[in-house]
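Welcome! Take a moment with the picture, then follow the notes below.

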Amino acid sequence: MFMNSVSGASIDERATAAKAALDKHTCEIVAWHFDPATGTPFWLDYASKLNWDPRKEIKCYNDLDKFDFFEDEWLRQGKVRSWVPKAYANDPIYTFETGGSTGVPKSRINIKDFRIDYELFSDTLSDKTFPRGGDWLMLGPSGPRRLRLAVEHLCQHRGGICFCVDMDPRWVVKLIKSSRLREMHEYKDHVVNQGLTLLRAHKNIQCLFTTPKLLEALCERVSLVDYGIKGVFCGGTQLTAQFHRFARAELLEGKIDFVPTYGNTLMGLACHKPFDPADNYSVIYHPPSPRAMIEVVDPDSPRKVVGYGEVGRARLTTLTKEFFMPRFLERDEGIRTKPCEAYPWDGIADVRPFSGFATPIVEGVY
Amino acid sequence: MIEIPILRFGKPYESIETVTLVHHATGEPFAKVHQANSGMVRRDMVRMADDALEKFSTADLIAMARKAGKLFMSATLPLGKSQQSFDEYIAQLSCTTGMPITYCRDNAGKIASVLEKMDQVLAGLTRGLDLKVLDDGYSDASGHMLSFYRAGRVFGAVLPSNSPGVHSLWAPAMVLKAPIVLKPGREEPWTPYRMIEAFAAAGFPREAMGFYPTDHGGAGELLRTADRAMLFGGGATVRPYENDPRIELHGPGYSKVILGDDVADDWAKYVEVMATSIDRNGGRSCINASAIWTPRHGRAIADAVGKELAKHKALPADDPNATLAAFANPAVAEQINNVIEHALTEDGAEDVCATHRGTPRLAHIGRCAYLQPSVVWCESREHPLANREFLFPYASVVECPAGEIADAIGPTLVATVITRDESFAHSMMNHPNVDRLNVGVIPTWRISWDQPHEGNLFELLYRQRSFQFEPAA
């Protein structure tokens, strides 16, 4: 798993070790992005306007509070090359987008991060329910999102072949906003029908990535158990505890593994705490520390982390050599949870759209 | 705390997600309502046995409905894991909606009356059809072959919280053999839940009834999945479904009292019917008048009606003299008040009730907010307050030449037209703007339950088919 295997140690001891690793990793990443030889043009320019030197003053993770909050507008300014670290200037560059239903989408460059993230995530999957060599169906947002390539890579990393269907969530959002619900459902049926055709044709498809709504739509038409699906990896939109229970017990008939995930193009993906009946289906995510962190902060004072069990806004920090994103206030909120056996650092539970926005976000629709 | 479960195929189901309802007066948590996820609503609806009521004759179902009406008014019935007497139901209903206890009882009586007189209700909806045709599928009793089939296999309803009396509108669906799936209003799960339990106790099969408190997405799935449905809501809620023939819409009523040219000078005789049309049932129903149209004397009419309505004062819901509903969420009352105050800043309108009230429209008792009656005299029918409907006793008064009224009033659920002029009455009768037409001194709220209301439930649920029958030799 990500970096939790200090065998025999208590959770507290492992949490302390994880914190030390995070501090060390933070320093390395800051040094990398602010080094004139390897660094990222955006951050080098940013540093030139500071009256302090990040390479000297960032000595641990908490020191990242010295930066301003990361503004997503910075990713919409049309200068995508300014985000490519000089060290990677000659590598093939992907750009993945998030948002974009209206206006300019946020673009994040990628080289290998999506592969690394999903290879690490692969280690959390059971070989029994996501069999090695089993083929996958990717029935979710495609196009400029990283999810399509990432799931395909996850499948390939596990020895499978990934079948994909096109799906444009921006069109779905547009249909919803203009109350064209009939067209929205026709489009959903169009996507689901293609997925079913693939499932019927390719008997070795044993694993599925899809969104909550598309999972419901698939299971309305067929029994995925009868179709030989063994594991479902689900994400892309909000996933409530009640949906979690409904999916496990009813849609998947208690016979298919269900792995919810929370992630985005900017951070990567967080892992779901292994299913424990004691959590009452609460969906609890832990970030892929030290490559990224999710903290639950006071919306009115976002430098301050809320107490365990309290609701706050999700604050993301990404720390990879490809992308440095300190203190980004996400459009989600959730409950701060304690470290667990598998992940000895804080998690976030019951993630939903941030309630502090004046205008509700169109979400959870595809 | 009282817990109200989902009823899936009539059986209680507890969700992980609940909504807490508060006591309108104290703000204390009062009940937890279990919430269905939208996928559950659709999954259950497509699995519902749509023929679950076909094993009963219509006559049997009418008798069972009659029994359900009596049980609704008197029996102790299940409420989740607990039991609920009629008096407890009334108290609980008042607690979360803020409706005066007296109105809660009146509305319960309306529901029971419809259930107990279901034969008359169906006679009105079917225009006296021999209901045996619904059991046999055809009839040739009058020498003409008649055949009907059930187009509405599963009937859904997205219900409101404003007035419990509206639940009498969907009740005939059960007797017309359509299994029901109900999404209650947020603050008013009590009435539909109790009706389902009364139906079950009277012998209706539980599997023919679903009760799904849910969010906007769940309501959308219900409307998408139902073969036929009823939707209650404001203009923005019903608008997306305006062209969907499967769905009977119950939006704002914009009901009106209209004076003909021949009676306008005698307006003082009609102040009582105008006032009661506005204030009955706390002014919360779509069948309450929200405007008075007259060829002349508008200012004087507004003043007289305003004086009458100003007698209503904010009182606690359990006060036997209470006539105004409290807003369980005070912010809603404040928003409505702000909308009216803002519109009054535009020239040409005056809340003439204000002088008679002597107090602001918005009143508070403890944490509760109340909106006291308002009658707004509008110099022009184009004024923003001339055609509005709010959740309290509110009406505008506008002047309009009688010959223009039919075209000018816009969609009107109930029009009470006071006139002796037959040609004026006919102009209203012929106009598609009016859904329910009362000609005479009849309050807008006086409903004859054997008449269709915003559509005909029988026509929604059944289709006539061409049918010929020759027994095999």
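Let's begin with two strands of chain B: β1 (residues 2-4) and β5 (residues 29-34) run parallel and are joined by 3 bridges. Strands here are DSSP runs of E with at least two residues, helices are runs of H or I with at least four, and both are numbered from the N terminus. Two strands pair if DSSP finds at least two bridges between them.

Please keep in mind that this is a predicted model, in which local features need pLDDT of at least 70 and side-chain atom pairs count only at pLDDT 80 or more, while totals for chains, interfaces and linings use all residues. Residues are numbered from 1 along each chain as its sequence is written, and chains are lettered from A and ligands numbered from 1 in the order in which they are written.

**Around β5 of chain B**
- Opposite Ile4(B), you will find Val33(B) in β5(B).
- Strand β4 (residues 18-22) of chain B pairs with β5(B) in the antiparallel sense, over 5 bridges.
- Val22(B) stands opposite Pro29(B) of β5(B).
- The two strands β4(B) and β5(B) form a hairpin with 6 residues between them, and Gly27(B) in the turn has a positive phi of about 80°.

**The seven-stranded sheet of chain B**
- An open sheet of 7 strands with mixed pairing has the order β17-β20-β21-β16-β15-β22-β23 in chain B.
- Its edge strands, β17 (349-351) and β23 (434-439) of chain B, each pair on one side only.
- On average, neighbouring strands of this sheet are turned by 20° against each other, direction ignored.
- β17(B) and β20 (residues 374-378) of chain B run antiparallel, with 3 bridges between them.
- Ala349(B) has Cys378(B) in β20(B) as its bridge partner.
- Helix α17 (residues 422-429) of chain B lies across β22 (412-418) and β23 of chain B, at about 160° to β23(B); axes are lines fitted to C-alpha atoms, for helices over the stretch in contact, and angles run from 0 to 180 degrees between N-to-C directions.

**Chain B as a whole**
- Chain B has 18 helices and 24 strands.
- Its radius of gyration (taken over C-alpha atoms) is 23 Å, close to the 23 Å that the globule rule (2.2 Å times the number of residues to the power 0.38) gives for 473 residues, so chain B is as compact as a globular protein of that length.
- The C-alpha trace of chain B spans about 75 × 60 × 35 Å along its principal axes.
- Buried residues make up 53% of the 473 residues in chain B; a residue is buried if 20 or more other C-beta atoms, placed from the backbone, lie within 10 Å of its own.

**Strand β6 of chain A**
- From β6 (residues 231-234) of chain A, Gly231(A) and Phe233(A) point one way and Val232(A) and Cys234(A) the other, and all are buried.
- β6(A) runs parallel to β5 (residues 205-210) of chain A, joined by 4 bridges.
- Val232(A) is the bridge partner of Leu208(A).
- β6(A) also runs parallel to β7 (residues 257-260) of chain A, again with 4 bridges.
- In β7(A), Phe258(A) stands opposite Val232(A).

**Where the chains meet**
- 14 residues of chain A are in contact with 12 residues of chain B, contact being C-beta atoms, placed from the backbone, within 7 Å.
- α7 (181-201), α8 (212-221) and α9 (241-251) of chain A each supply at least two residues of the side of chain A that touches chain B.
- α9(A) gives the most to that side, with 6 residues.

Notes
Contact = placed C-beta atoms within 7 Å. Buried ≥ 20, exposed ≤ 12 C-beta atoms within 10 Å, placed from the backbone.
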